[in-house]
Every structure is written in structure tokens, then in C-alpha cells.
Amino acid sequence: MTEYNFAYLDEQTKRMIRRAILKGLAIPGYQVPFASREMPMPYGWGTGGVQVSAAVLIPDDTFKVIDQGADDTTNAVSIRRFFEKTAGVAVTEATRQATVIQTRHRIPEEALTENQILVYQVPIPEPLRFLEPSEVETRKMHSLEEYGLMHVKLYEDISKHGAIATAYAYPVKVEGRYVMDPSPIPKFDNPKLEMAAIQIFGAGREQRIYALPPYTQVVSLDFDDYPFEASKADHACDVCGAEDSYLDELIVDDKGGRLFMCSDTDFCSSRRREGHVGAQGIPYGEDAA
Amino acid sequence: MQTQTLEGGFSNAPVQSARAFREIMTAMARPGVITALDGARGPAPLSQAASVLILTLCDPETPIYLAPSVDVPAVRAWVTFHTGAPFVAPDRAQFAVGTWPELTAHDFPIGTPEFPDRSATLIVESGPLAASGAVLKGPGIKTASALSLPETAAFQRNAARFPLGLDYFFTHKDQLAALPRTTQVTTCM
């Protein structure tokens, strides 16, 4: 007997995680404590997301993992292989074909459907943590709905920089009640948090799970005179020409040459397959190494 | 009775509980959706859906309350053998199983302001579930959905206590639906 239990974790652990997920869905935006387990990968590599995925996967699933939008980075490849091996699930890089998507720091460009589940890897789940280091205090602040400190932080951004400078992990308010950290996604992705898919957030080291049921109201915090703005680099993708996707800036030589490219690799390559070419791009099929 | 106690569990627990949980999670995330649970069957009068819920979610860490209609020796023995969940009074229960009139007669933990998740989940054995009757709105529901609830006032009171409150599963034979504390319930139009 050398096989793993289905999806690696033992059954009692999965039950504990599943109970936390259900309470998370019942109290959207509230961080449910859970007894996070040691996983065969270091903290910071997505142990929270992996535990949530292990608790929700079924054998018929098609699993996709992205890291900053990319399917082919070390972290994404190793987590995908982990569940290929321990749960025997099919894997894909195509957003549309996936039923469960585990993500680090991005929401796919393509709108997700009711039949999909998005699992986030979360480093620091507590949005107030950098303002108040004590868990006892932040817990009290959530219970009293005392979020003035967060608005002071955003106000200080404006007074220092002339605009809200927070560009990622931009705090949101869920259903008018809990202030939540959407994980370090760029604020460009914040409007997509209101979606048709189930979203579950797992923080392994910090031992918290939280969730957003489909169509949950998620509002990015802002001020009337400084409204929230989902910003991105002011360019089109140099590879596929997309003007509405979130871009990574790449330095391509040591003479200062640079290139903007979709952070969502599946989105970018699907567009290239459809024939779109960016300013520095090569038509699809002509770049075969 | 001995064999009845041993039978009716999952034959392949890791896979069957994963499939069951996906249905359970879908029900909780999309209030009003009626789904079906199979894979396990506890002794009468426990419904199939309630049996699968108990096997999927309960273990020695989850105190459970059995209301009189399901608190029969066969059910007790079955739950103990398959889950090891301790039986407790309503005020200490994390899960409770029974009919609606039985469960409304008690106060269950609704969580604390700092830990609203420390609240009970009620498994309400019901008549046939249908997507009609009370109108549901809230997280998980695009515009509105409908569900045959036993009443509306209790669920309105429960939602008004948010973020504290109880979360409900409704079961009939293999049918399952859920109602989290966030759902706003109104009577049918």
C-alpha cells in the first residue's frame, strides 16, 4: 500500500477544514480559525490554498493552478503535480476548462462561471494586521465593526501621495459588514471579486479560512472625493495586444529594453491563438523553438 | 441491530465524502439550490441526506444533539460507530438533528461577537423540498431564489442577528438544501 489517501490529507483533517469552509460561506468575509496542518511544502508556498483544494476536490475535477497569473511557474507546476499525484485529478491550463482553480495573487481575466471554484493562497489574512499587530485587538475591532483605522491608513496615503497608493491587497468590505483582505491580488482585480464562482481563501501559516459565496457584495474601500480606481499599467500587451488585461513589466535586455505582457498566461496565449499580435509580438506558431 | 449499526456507512469514505461535501458546499454557497446526497444510509428514521451530512461533517470533535424523533438507540449506535461524535444537550451542540418543531423549541449556540463561527448547524428533517414558498435573497443568490421553508419569522430573526446566528440544512430522503444566516427570507408573493 503505497498510495496516498485521496487528495493527500487524512479524513478527519478534511472534515475539520470542510466545517471551516461552511462557516466561512455562512459568514462571508469573516476569518474562520482552522487547525492548519504541516504540508509537504514550506509556508508561503500556498499551504493554505492546498489544504482548501484538498478539502474540495473530487475525482472528476479539472484542476488549474496559477501563480501571479502564470500556469508555468515553479509554484504552480509543483502544486498542480501534487494533486495530479495525490488526487488523480485532470489538470489544465485553460481557465474555461477548469472546475477548481487555485491561485496566488491573481483572478483570471476570463469571467468565471457558477460551475467553478476559485481557491486563493493567502499570506496574511488579517487586513488590519499591519495597523494593529495584536490578534486580540484586531478580533475585537472586527466584532465591533471598528474599521476607522483602515480609513485613516487610506487617508494617509492620500495626504502623502495625493492618491490611494495601495496597489495590491486592497481592502474590501463584504456585504456591508466585514473588512477583508482579498489576498495580494492587484487592485485591478478587485471588481472581479463579485463573481458567479465560489471563492475560498486559505492562509496556512496564519490558520485562517474565509470565503465569498457567489454574487456576494464586495466593495473596495474608498472616499467620495477619492473613489476606488482599478488601475493597471497604461499600455497594451506587447505580445497579444490586449488593452484590458493586467500587465507585468519585463526587462528584456541590459540596455533598458522592456516589454509589457499579460500576467494571465492562458488569456495571453488564447488571444495569440485567435490571431491577435501585440507591438513586439510574433504571430502564433511562428515562434516555435 | 448489531449489523444495522455497522452497515450504511461509506464504502469508499475519501471519495464519497468528497463528493458529498461538494454538494453540501454548493447548497450552503447557493441558498435555495436543492441537491441530492448519496453514499450512506443510517437507520430509520434518519433520512439518507441527514445520514450523509453526519458522516461527512461529524467526528469526535463535534458534539451533536439528537432531537427526540431521531434519538432512538439504533441511530445513537450508528452515529457513535461511524463518527464517534459525543451526544450533548442543545446548548452545547455543534450539530443538531431533528424536525423543525423539535429544534425551534431549543436555544443553540449562535457564536460570540468575536467568534461567530462557534455556532450550531441544524439539520432539519423535513417534508419534500421544493423551489417554491419563501423567497430568498442574499449572498450566493443572483437575484432571488425560493425554498419550501417551514416558516419565515424564525429565519428573519436569525438573519437579523448577523454575524451571529445558526445555519440550517434541510433534508428529505436524499434531498438537501441549506439556509445560512446571511439569507434574507420573505414570505411568498
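## Salt bridges between the chains

Six salt bridges cross the interface of chain A and chain B, a salt bridge being a side-chain nitrogen of Lys or Arg within 4 Å of a carboxyl oxygen of Asp or Glu. In one salt bridge, the side chain of A:Lys23 meets that of B:Asp167, at 2.7 Å from N to O. Polar contacts across the interface of chain A and chain B come to 19 residue pairs, with both residues at pLDDT 80 or more. A polar contact here is a pair of N or O atoms within 3.5 Å; within protein, one must be able to donate a hydrogen and the other to accept it, and residues adjacent in sequence count only if both atoms are side-chain atoms.

Which parts of chain A supply this side? Helix H1 (11-26), strand S1 (32-33), helix H2 (47-56), helix H4 (135-143) and strand S8 (198-203) of chain A each give at least two residues to the side that touches chain B. Helices (H or I, at least four residues) and strands (E, at least two) are DSSP runs, numbered from the N terminus. H1(A) has the largest share, with eleven residues. By class, the side of chain A that touches chain B splits into 25 nonpolar, four polar and 13 charged residues.

## About the model

This is a predicted model, in which local features need pLDDT of at least 70 and side-chain atom pairs count only at pLDDT 80 or more, while totals for chains, interfaces and linings use all residues. Residues are numbered from 1 along each chain as its sequence is written, chains are lettered from A and ligands numbered from 1 in the order in which they are written, and side-chain values use heavy atoms, with hydrogens and water left out.

## How much the chains bury

Chain A and chain B bury about 3500 Å² between them, 63% of it on carbon and sulfur atoms. Buried area is the accessible area (1.4 Å probe) that two parts lose on being put together, summed over both. On the chain A side, A:Arg19, A:Leu22 and A:Lys23 lose the most area to chain B, together 19% of what that side buries. Counting contact as heavy atoms within 4.5 Å, 42 residues of chain A and 42 residues of chain B take part.

Chain A has six helices and twelve strands. Its radius of gyration is 20 Å, close to the 19 Å that the globule rule gives for 289 residues, so chain A is as compact as a globular protein of that length. The radius is taken over C-alpha atoms, and the globule rule is 2.2 Å times the number of residues to the power 0.38. Along its principal axes, the C-alpha trace of chain A spans about 65 × 55 × 35 Å.

Chain A is divided into domain 1 (11-220) and domain 2 (232-282), with bounds from an automatic or database domain assignment. Their centres, taken over C-alpha atoms, are 26 Å apart. Domain 1 of chain A brings 14 residues to the contact and domain 2 of chain A brings ten residues. The two domains bury about 890 Å² between them, 49% of it on carbon and sulfur atoms. The side of domain 1 of chain A that touches domain 2 of chain A has five nonpolar, three polar and six charged residues.

## A link within chain A

The structure holds 23 salt bridges over all chains. One of them pairs A:Glu135 with A:Arg208, the closest N and O atoms being 3.0 Å apart. This pair links distant parts of the chain, with A:Glu135 in helix H4 of chain A and A:Arg208 in strand S9 (residues 208-212) of chain A, 73 residues apart.

Chain B has six helices and nine strands. Its radius of gyration of 16 Å agrees with the value near 16 Å for a compact globule with 189 residues.

Most residues other than glycine have a negative phi, and most peptide bonds are trans. The bond from B:Ala44 to B:Pro45 is cis, with omega near 5°, and B:Pro45 lies in the loop between strand S1 (35-36) and helix H3 (48-57) of chain B. The bond from B:Phe162 to B:Pro163 is also cis, with omega near 5°. In chain A, A:Glu145 has a positive phi of about 55° although it is not a glycine; A:Glu145 sits in the loop between H4 and helix H5 (148-161) of chain A.

How values were computed. Ala, Val, Leu, Ile, Met, Phe, Trp, Tyr, Cys and Pro count as nonpolar, Asp, Glu, Lys and Arg as charged, and the others, Gly among them, as polar.
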